[in-house]
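I opened the model and kept a notebook of what I looked up. The entries follow in the order I made them.

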Amino acid sequence: MSPPRFKLFFTVPRSSLEMCKQAVFSAGAGTYAAGKYSEVCFETPGSGQFLSGQGAKPAVGEVGKIERVEEVKVEVLCVGRDVMRAAVEKLKKSHPYEEPAYEVYAMEDV
């Protein structure tokens, strides 16, 4: 039986893109075909926005004001639950935002 596969999506300001990618890659994310391909991901440029509230410590912008940031959405495969969890932990530690935006989906073999 093959290990479970997960897709990790996250958004990050372009200035921190390489740092965050290297963090998740160091956990084993983005590795295909038993290591024949590594550091594989897909990137989509976009614009994010947020309104930080009382008690927030935003990395960019000011509390109480809408902030718009040019960001990149990254999609990366994680083979195995341990790899996925390690990738998410490393993403949280390397991401500049107080609350990084990320999603994890279980994938099915069809």
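**Entry 1: aromatic pairs**

I searched the whole structure and found two aromatic pairs. For this search, rings of Phe, Tyr and Trp (its six-membered ring) pair if their centres lie within 6.5 Å; planes under 30 degrees apart count as stacked, over 60 as edge-to-face and the rest as tilted. I looked at the rings of phenylalanine 9 and tyrosine 105: their centres are 5.6 Å apart and their planes stand at 80°, so this pair is edge-to-face. Phenylalanine 9 belongs to strand S1 and tyrosine 105 to strand S4, so the pair ties together parts that are 96 residues apart in sequence.

Is phenylalanine 9 buried or exposed? I noted a relative accessible area of 16%, so phenylalanine 9 is buried. Tyrosine 105 has 43% relative accessibility and counts as partly exposed. The cut-offs are under 20% relative accessible area for buried, over 50% for exposed and partly exposed in between (1.4 Å probe, protein chains only).

**Entry 2: ground rules**

I wrote down that this is a predicted model, in which local features need pLDDT of at least 70 and side-chain atom pairs count only at pLDDT 80 or more, while totals for chains, interfaces and linings use all residues. Residues are numbered from 1 along each chain as its sequence is written, and side-chain values use heavy atoms, with hydrogens and water left out.

**Entry 3: the chain as a whole**

I listed two helices and four strands in the protein chain. Helices (H or I, at least four residues) and strands (E, at least two) are DSSP runs, numbered from the N terminus. Read from the N terminus on, the elements run β-α-β-β-α-β. The C-alpha trace spans about 50 × 25 × 20 Å along its principal axes. The protein chain has 110 residues, of which 33% count as buried.

I also looked up contacts, meaning heavy atoms within 4.5 Å. Among the contacts with a separation of 6 or more, 71% are between residues 24 or more positions apart.

**Entry 4: the sheet**

In what order do the four strands form the sheet? I read the order as S2-S3-S1-S4, in an open sheet with antiparallel pairing. Strand S2 (42-51) and strand S4 (102-107) are at the edges with a single partner strand each, so one side of each has no neighbour in the sheet. From one strand to the next the twist averages 25°. Axes here are lines fitted to C-alpha atoms, for helices over the stretch in contact, and angles run from 0 to 180 degrees between N-to-C directions.

Two strands pair if DSSP finds at least two bridges between them. I found ten bridges between S2 and strand S3 (residues 66-79), in the antiparallel sense. Phenylalanine 50 has glutamate 67 in S3 as its bridge partner, and serine 47 stands opposite glutamate 70 in S3. S1 and S3 also run antiparallel, joined by nine bridges. There, phenylalanine 10 has valine 74 in S3 as its bridge partner.

**Entry 5: helix H1**

I next looked at H1. Its buried residues are Leu17, Cys20, Lys21, Ala23, Val24 and Phe25. These buried residues pack against S1, S2, S3 and helix H2 (81-94). Glutamate 18 is also in helix H1, but its relative accessible area of 45% makes it partly exposed. From glutamate 18 to serine 47 I noted 18 Å in space, C-alpha to C-alpha, and 29 residues in sequence.

**Entry 6: positive phi**

Most residues other than glycine have a negative phi. Glutamate 39 is not a glycine, yet its phi is positive, about 55°. I located glutamate 39 in the loop between H1 and S2; it is partly exposed, with a relative accessible area of 46%. Glycine 28, which follows H1, has a positive phi near 100°.

**Entry 7: the largest pocket**

What is the volume of the largest pocket? I noted about 270 Å³. A pocket is an open set of points on a 1 Å grid over the protein atoms alone, where a 1.4 Å probe fits, with protein on both sides within 12 Å along at least five of seven lines; lining residues have an atom within 4 Å of a point. Grid points are joined across faces, edges and corners, and the volume is the space filled by probe spheres set on the points. The lining has 18 residues, and the closest to the pocket centre are Phe50, Tyr97, Glu98, Glu99 and Pro100. S2 gives the largest share of the lining, four residues.
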